[in-house]
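Keep the sequence and the coordinates side by side.

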Amino acid sequence: METIQMLKTLCQAAGVAGGEERALEAAEQICAGLGKCSRTVHKSLVCEVMAPQQGRPHLLLDAHIDEIGLTVTHIEDNGFLRVAQCGGVDRRLVMASPVIVHTKDGDIPGVIGSIPPHIQTGDKKNPKIDEIWVDVGMSGQEAKEKIELGDKLSFVGPFTEMENDLVSSKALDDRCCCVAIIKAAEQIKAYWKEHHLEPIGLTVLLSAQEETGGLGAQTASFAIDPTEAIVVDVTFGTTPEIADRHCGDLNKGAMVGMGATLSRRMAREIIEAGKEENIPYQVEVMGGGHTGTNADGIVKVGAGIETCCVSIPLRYMHTPIETISVRDVDDTAKLIAAYAKRLATR
Amino acid sequence: MEQTKQLQLLKELCEIDGVSGCEGKVAQWLKEHLPEDCTAHLDARGNLICEKKGKQTPKNKMMFAAHMDEVGFIITYIEESGLLRFDAVGGVDTRVVVGKPVRLESGKEGVVGAKPIHLQSADEREATLKYKDLYIDIGAKSREEAEKFVQQGDFATFRPQFVQMGNCICARALDDRIGCLLLLELLHEELPYDITVVFSAQEEIGGAAGNAAFAVKPDIAVAVDTNTAADVPGVAASKNVCALGKGPVLTFQDKGGFADRDLFRMAKEICKEQEIPYQIKNQVVGATDAAGMGKAAAGCRTLAMAVPTRYIHSPSCVFDPKDLEPTAKLLSAMVKRFGEM
């Protein structure tokens, strides 16, 4: 499947943290030809691309399948839904946002309401999540019949193709990285087949619940027990407000993470592989001893797992209009594949 | 009119980009949908003035107005980086703008970006953004590249949506394409008296309906608009302005001035006699074309009526189609009653 088509399919599927089912189904269809797929207890998708071999490297590629969203906490007698957040929702931009309520019987469209400015008193404020409500255009009775407490809500964010291979959508965090690792795994598998190389293990993990703490990746990686892991997540792409933070530029390749808990050996080899094969990359220094990605959980699993981070720069993180470059997704896949090739002779 | 057909027309209307000052496409669509027995012309300010003959010419000339324009944006500057700076056209709260998909006048699509939540300070999370902080990203990497799709002064809008949401419709620009639809339907009716319908321009930035009224010289002018419905949590019924599903809203006073007391009372009487559900706007907020029309030339008697709509001036306005029928019924009855005056 073309990268852009895969992005569109995965991003537009719903998969709020703790309610990843729809996105998992879409991903499983895509991964069906790649390897044996299974689900973990916490609803992550594991795809065994090449079976692990005793005494040989076993590379785990992780990207999280969940997206930020909301969960129904209360239904008012007049039909409005009260909600809590699943992951870090930016409350500056929730007003008038279209959402979808995912119920066991199907999807219900809604919109995040707010008190109209005409009748607000005092200074304008960004509403807190427990102050907003979701309007589903129903009476209380209807809403209570159709919607259950705990149902998840995803934001509506259309897939838009922009200039310079940029695309915008909801859930690009982290579905674009899911696409990158699936593409990388395809290339690695094909390379091994073509060159009849000494087998290694290769597992793709599309992990659940990253946005709410990383439970999916931490538990799945214990079960998978790889010898090393590459965590692929999005990072901040440069925009005017954060121009002073040395963020990544879009269309300049993946960012290789350097941080206290991350494997320096892997990062250096990824960079060398990129140089050798002329694949663009950028360096991201992840300060403070943590990365804010699944790597933080995976390094600590079991007896510890050698882990590094590769990130795709993304503008407007945690909004329904997240923006990335399709070219960066392809280059990220190539960079990971270039690194994996080196494992043949290990 | 059958409701499916009615909502299909409304959908078409709401999907046309028509920011204040750029209503041409809406006017064109309306012209194409006018009945044959109706004359129409555009005036200097972009109002579409339609004359419809009834069975008789009334003693008091009647004019009905609904505005074609919607709130939106105007591109103020193109950065060297290819990002577009913009300002609001009409009252658009920045809180409904950040993080939304938009469309430029050229049709090019873009998004309104924001600093990620992870990098916001506690103060930044509280502070509402200002237009000077915002920009539209179309993916262009330079000013030169952006200029292929946009020029300074071009308009932009929220991208259209039109969703059946429970018993309601959620869409952009319901304010005031609902009014346009209702007056278009009125023109298609066989009427007892002559009327003039004005599909007006620039209401959201002050209104051009006054110029049309100057030319038309009505004795009675009625604005058909939407009113903000605050029938939402945390707002007492006494302060909710109006509520969805309770019929047309009649206004005795808003920020634009007073309704003519007799017309207001007559409208209520019509509703009572014909068992049309109606409600009275319970807050003195907002304004309509009634203000401009009442001031034109030597002045005329005015009345404002509206369809209750939640979250107006946002990409996601919500209304209950159940309110269309009683509003249409009231409009037809007004033509008769006011014509008899």
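Leaving aside its neighbours within four places in sequence, which residues is Ser200(B) in contact with? They are Asn47(B), Ala66(B), His67(B), Met68(B), Asp69(B), Ala209(B) and Asp289(B). The model is a predicted one. Ser200(B) sits in strand S12 of chain B, residues 195-200. Its relative accessible area is 0%, so Ser200(B) is buried. One of its contacts is polar: the side chain of Ser200(B) meets the side chain of Asp289(B) at 2.5 Å.

The largest nonpolar core holds 71 residues. Within it, Leu7(A), Leu61(A), Cys176(A), Leu206(A), Ile230(A) and Ile324(A) touch the most other members. Helix H4 of chain A, residues 172-195, gives this core its largest share, twelve residues. Another core lies apart from it, with 60 residues, including Cys50(B), Ile169(B), Leu183(B) and Ala259(B).

Leu206(A) shows what such a position looks like. Beyond four places in sequence, Leu206(A) is in contact with Leu24(A), Ala27(A), Cys31(A), Ser44(A), Leu45(A), Ala63(A), Ile65(A), Cys178(A), Ile181(A) and Ile182(A).

Now look at where the chains meet. Chain B brings 63 residues to the contact, and chain A brings 54. About 4900 Å² is buried between them, with carbon and sulfur atoms giving 59% of that area. On the chain B side, Arg95(B), Pro233(B) and Tyr311(B) supply 15% of the area that chain B buries against chain A, more than any other three residues.

Polar links cross this interface too. There are 27 residue pairs in polar contact between chain B and chain A. The side of chain B that touches chain A draws at least two residues from each of strand S7 (109-112), helix H3 (122-126), strand S10 (162-165) and strand S11 (168-171). S7(B) gives the most, with four residues. Five salt bridges also join chain B and chain A. In one, Arg91(A) pairs with Glu126(B), the closest N and O atoms being 2.4 Å apart.

Side chains of opposite charge can pair when their charged atoms come close. Over all chains, the structure has 44 salt bridges. Glu306(A) and Arg265(A) form one, with closest N and O atoms 3.1 Å apart. This pair links distant parts of the chain: Glu306(A) is in strand S16, Arg265(A) is in helix H6, and 41 residues separate them. Glu306(A) is partly exposed at 32% relative accessibility, and Arg265(A) is partly exposed at 27%. Both belong to a network of salt bridges that also links Glu228(A), Glu269(A), Glu272(A), Glu276(A), Arg342(A) and Arg346(A).

Other pairs are local. Lys334(A) bridges to Asp331(A), the closest N and O atoms being 3.7 Å apart. Why are these two separated by about one helical turn? Because they are three residues apart in helix H8 of chain A. Lys334(A) is partly exposed at 40%, whereas Asp331(A) is buried at 11%. In chain B, Glu145(B) and Lys141(B) meet in a salt bridge at 3.1 Å, N to O. Glu145(B) is buried at 11%, while Lys141(B) is exposed at 58%.

Notes
Residues are numbered from 1 along each chain as its sequence is written. Chains are lettered from A and ligands numbered from 1 in the order in which they are written. This is a predicted model: local features need pLDDT of at least 70, side-chain atom pairs count only at pLDDT 80 or more; totals for chains, interfaces and linings use all residues. Side-chain values use heavy atoms; hydrogens and water are left out. A nonpolar core is a set of buried Ala, Val, Leu, Ile, Met, Phe, Trp, Tyr and Cys residues joined through side-chain atoms within 4.5 Å. Buried means under 20% relative accessible area, exposed over 50%, partly exposed in between (1.4 Å probe, protein chains only). Contact means heavy atoms within 4.5 Å. Buried area is the accessible area (1.4 Å probe) that two parts lose on being put together, summed over both. A salt bridge is a side-chain nitrogen of Lys or Arg within 4 Å of a carboxyl oxygen of Asp or Glu. A polar contact is a pair of N or O atoms within 3.5 Å; within protein, one must be able to donate a hydrogen and the other to accept it, and residues adjacent in sequence count only if both atoms are side-chain atoms.
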